[in-house]
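Work through these exercises with the sequence and the model side by side. Try each task before you read its solution.

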Amino acid sequence: MNGLEKDKISTIELARPDIEIIESEDIYREQNGLMELSGRLIPVDIDLDNSGDWTVLPNGDRIWRVQINAEAALATELFFSEFQLPLNSSLYIYDPSGEQLLGGYTAANNHGSGLFATDLINGESSIIEYHEPANVHGMGVNRISDVGYSYRNVPGMDTKAQDCEVDVKCDPEGNDWFDQINSVVRIRTVSSQGIGCLLYTSP
């Protein structure tokens, strides 16, 4: 993002969750009518002091960067337990290729709760980059408490309906469902069990 060398970014390696255990849990959830999960939370403790590296720019501004690799993840997302960006600072999240970019997040994204969550970055790696102006040195607070590890059904990667469903966007199988196209809401939900989606349809 700022012309710094990517090969000098400190990297945190996260092991792949036990997929066999996850699959058995998913079967149990399906059999008991529970919400289908597509991701799990990996607890971490990543902040500006205990992880990553700072680079001081000629004008006194600083840039902090760290890369998170989650082995074999289809996508990752970040959950902050502490998030406080000072005025004129910014935070970006992107994949190593730079093709996917989230942000820049600014002080406008601060919340009274101190909590913050990002959208998904496809793939197993993401880079967090925080720019802090010299006049707010040390005022930023960013602590990542969980990494969302997506292992299936990543939104946007496969939007076609499953075999047992009618894809309302397809002709002719969806021709009788035009009235329902705009009446389905999918709410992404995060809980201690994991990350999934709830579907609501209007009468």
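**Exercise 1. Asp26 and its partner**

Task: Classify Asp26 as buried or exposed, then find which Arg forms a salt bridge with Asp26.

Solution: 
- Step 1. Asp26 has 8% relative accessibility and counts as buried. Buried means under 20% relative accessible area, exposed over 50%, partly exposed in between (1.4 Å probe, protein chains only).
- Step 2. Note the source. This is a predicted model, where local features need pLDDT of at least 70 and side-chain atom pairs count only at pLDDT 80 or more, while totals for chains, interfaces and linings use all residues. Residues are numbered from 1 along each chain as its sequence is written, and side-chain values use heavy atoms, with hydrogens and water left out.
- Step 3. The partner is Arg152, with the closest N and O atoms 3.4 Å apart. A salt bridge is a side-chain nitrogen of Lys or Arg within 4 Å of a carboxyl oxygen of Asp or Glu.
- Step 4. Asp26 sits in helix α1 and Arg152 in the loop between β11 (141–150) and β12 (184–190), so the pair ties together parts 126 residues apart in sequence. Helices (H or I, at least four residues) and strands (E, at least two) are DSSP runs, numbered from the N terminus.
- Step 5. Arg152 is partly exposed, at 26% relative accessible area.

**Exercise 2. The partners of β6**

Task: Which strands pair with β6, and how many residues lie between β6 and β7 in their hairpin?

Solution: 
- Step 1. Locate β6 at residues 90–94; 4 of its 5 residues are buried.
- Step 2. β6 runs antiparallel to β10 (residues 125–132), joined by 5 bridges. Two strands pair if DSSP finds at least two bridges between them. Tyr94 has Ile127 as its bridge partner in β10.
- Step 3. β7 (residues 101–105) also pairs with β6, antiparallel, over 3 bridges. Here Ile93 stands opposite Leu102.
- Step 4. The β6–β7 hairpin has 6 residues between its strands, and Gly98 in the turn has a positive phi of about 80 degrees.
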